[in-house]
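Here is a friendly briefing to keep open beside the viewer. Please have a look at the model first, and then walk through the notes below.

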Amino acid sequence: MKALHQFIDNNVHPLFKEGSKLEKYWPVYDGFYTFLFTPGHTADGKAHIRDGVDLKRTMNTVITALIPTLLFGMWNIGYHHFNAIGIGATFFEQFLFGAIKVIPMVVVSYAVGLGIEFLFCVIKGHQIEEGYLVSGMLIPLIMPVDLPLWMLALSVAFAVIIGKEVFGGTGMNIFNPALLARAFAFFAYPTYMSGDKVWINTTGTEGMMAVDGFSGATALGEYATTGVSQYSALDAFIGIIPGSVGETSVIAIMLGAGLLLFTGIASWRIMLSAVVGGVVMGLIFNAIAPLALSAEQQAFMAVPFWQQLVMGGFAFGVVYMATDPVSGSQTETGKYVYGFLIGFLSIMIRVFNPAYPEGVMLAILFMNTMAPLVDHYVIQANIKKREQRLALKTVV
Amino acid sequence: MADVLEKKEEAKELLIDKQPKEPLLSKKNRKLLNDPLNDNNPITVQVLGICSALAITVKLYPALVMSISVLFVMAAGNVIVSLMRNFIPNRIRIIVQLVVVASLVALVDQVLKAFVYDVSKELSVFVGLIITNCIIMGRLEAFALGNTVWKSFLDGIGNAFGYAWILLAVAFFRELLGSGTLFGFQVIPDAWYLANGGFYSNNGFMLLPPMALITVGIIIWVQRARNTKLIEE
């Protein structure tokens, strides 16, 4: 490893240095270099203590936390595929089928997203921003498996250009880029993003059709349209339900959440308050269920509050999306408000509007917009409090 | 004494004659026409008239009809107000302008209903809302009230074209990507669609108003990147 490092320093580095031929591509080289090795940057000016954990290391931790959901998602896709066409398959076959479906999505997501980032870096001549590392992994995980790859690529391009570069790149975006990609695909190609046909691949094997009476709707979709679901809460907790690639298994998500909380990268305040928000809204619905307008809605409202938490993308959104440090609230008190409203609105949207069963996406995007407002009021309240304290002291 | 007076008269005449008569399309006048197309575009630079730009750009044809209607109202309104500019009492000038624009819009509305009923139905309330289009009131107030008839006419036409080309550009992309058609004719081959075994699907987001806003935003972005005059410090 050391030899490789030295080789790069001595032979590759001069190629991209100032004044050399490939100077223009310095950002690209620098991006790869700092991805592989911790850069030896030191702070200039006054004394600083620098942590070895820079943005790239943070991103890598989040990606590690996403791996359980990715692996589980691969297996889940294969499992449902073979179930739907009525063929028995071994665990390995199921996993392999899913991997063949998911890996191209990940590759396309990274290729398009990083390609655009590199392009902007070279044009603007600044360092590569590593913000896309996490988004690139999140995007395939929140898309249905059968989404055509060019639609995925277009959504990624939209998210990176309109969601991020327009605002000035990583750290400046007001919306979570991964969710923006999903929202774009959701509104642009609704037939590929919702309904009961897209969540399970039934076309992978030549000549095979879905067995009779087969329904590919997600648990949430079934509740929204009929008020009952063939999947139990335990199924949803383990994750053997149809859904977007990585969102189904609450166990896998909890593994990731554990790592994020242990390393302190995600805010426990947001996660906790979002769950509380979801529970509160679920309890309210349970209480007002008899007042519902239709029988289906009544059944959906009566779903126990804890079951609401394990269905759909709620857990995934709360753990990986709501805790995005850029688009969320910055103040500690604000994080409680921000998280609570995400949980509250997610459940509210999914129950009240069956057309948008994935309420958590819209709730987080909405709260991204509101986060600066929340912060503003938190700061103002603090200023007022301190002013009062000061006034009291001067009076005494 | 008489001699002196005569000479004075002559001198006056000479003076008047010597003042060059401005050609119809002098440099200044051409600027009135060209400026709103790019450097001072009513939509992308002044950010006026956004409301209708978002609402009626789903298809090219309604956008074209809207552009022509605005062109007519703007040119005629500017001319009429400019003709009356010396008689309008300052205090009620807004009311007078409104009456002028409203009667012109009523005229346009009736013509549309008579000849292109479908489009008129599609544009619905937005024809009536031309009255409140900020570009029109803005030009009447800022230009026609203080300038001659010909200049006001040019200014009206220039701004209407500035409005129209943005409208048509936005509608072009929205119709092409959202419906796969241009002026109602299928442009993207039928065989490309997934339903027919192809790979393509129309982008439904393009049909929703947010995408119109984003399209206008991208046009502003490209324009500012190319036009150095618009770059703010």
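Phe183(B) is exposed, because 12 other C-beta atoms lie within 10 Å of its own; the cut-offs are 12 or fewer for exposed, 20 or more for buried, and partly exposed in between, with C-beta atoms placed from the backbone. Phe183(B) sits in the loop between strand E1 (181-182) and strand E2 (185-186) of chain B. Helices (H or I, at least four residues) and strands (E, at least two) are DSSP runs, numbered from the N terminus.

This is a predicted model, in which local features need pLDDT of at least 70 and side-chain atom pairs count only at pLDDT 80 or more, while totals for chains, interfaces and linings use all residues. Residues are numbered from 1 along each chain as its sequence is written, and chains are lettered from A and ligands numbered from 1 in the order in which they are written.

**Positive phi in chain B**

- Most residues other than glycine have a negative phi, and most peptide bonds are trans.
- Phe183(B) has a positive phi, near 50°, and is a residue other than glycine.
- Val47(B), also not a glycine, has a positive phi near 55°.
- Val47(B) belongs to the loop between helix H2 (27-34) and helix H3 (50-55) of chain B.
- With 13 other C-beta atoms within 10 Å, Val47(B) counts as partly exposed.

**Chain B as a whole**

- Chain B has 10 helices and 2 strands, running α-α-α-α-α-α-α-α-α-β-β-α from the N terminus on.
- Buried residues make up 32% of the 233 residues of chain B.
- Among contacts in chain B with a separation of 6 or more, 76% join residues 24 or more positions apart; a contact here means C-beta atoms, placed from the backbone, within 7 Å.

**Where the chains meet**

- Chain B contributes 7 residues to the contact and chain A contributes 8 residues.
- On the side of chain B that touches chain A there are 4 nonpolar, 3 polar and no charged residues. Nonpolar covers Ala, Val, Leu, Ile, Met, Phe, Trp, Tyr, Cys and Pro, charged covers Asp, Glu, Lys and Arg, and polar covers the others, Gly among them.

- Two packed helices are described by the angle between their axes and the distance between the axes.
- Helix H5 (residues 132-141) and helix H7 (residues 177-188) of chain A pack at an angle of about 35°, with axes 8 Å apart. Axes are lines fitted to C-alpha atoms, for helices over the stretch in contact, and angles run from 0 to 180 degrees between N-to-C directions.
- Ser135(A), Leu138(A) and Ile139(A) of H5(A) meet Pro177(A), Ala178(A) and Ala181(A) of H7(A), a contact with 5 nonpolar, 1 polar and no charged residues.
- Helix H6 (residues 149-163) of chain A has 15 residues, so at 1.5 Å a residue it should span 21 Å, and its end C-alpha atoms agree at 20 Å apart. The expected span is 1.5 Å times one less than the number of residues.
- Buried residues of H6(A) include Met151(A), Leu152(A) and Phe158(A).
- The buried residues of H6(A) pack against helix H4 (91-124), H5, H7 and helix H8 (190-193) of chain A.

**Helices H12 and H16 of chain A**

- The axes of helix H12 (residues 268-288) of chain A and H16(A) come within 7 Å and cross at roughly 35°.
- The contact of H12(A) with H16(A) has 18 nonpolar, 7 polar and 3 charged residues.
- Val337(A) lies in helix H16 (residues 332-352) of chain A and is buried, with 22 other C-beta atoms within 10 Å.
- Val337(A) and Ser273(A) are 64 residues apart in sequence and 7.5 Å apart in space, C-alpha to C-alpha.

How values were computed. Contact = placed C-beta atoms within 7 Å.
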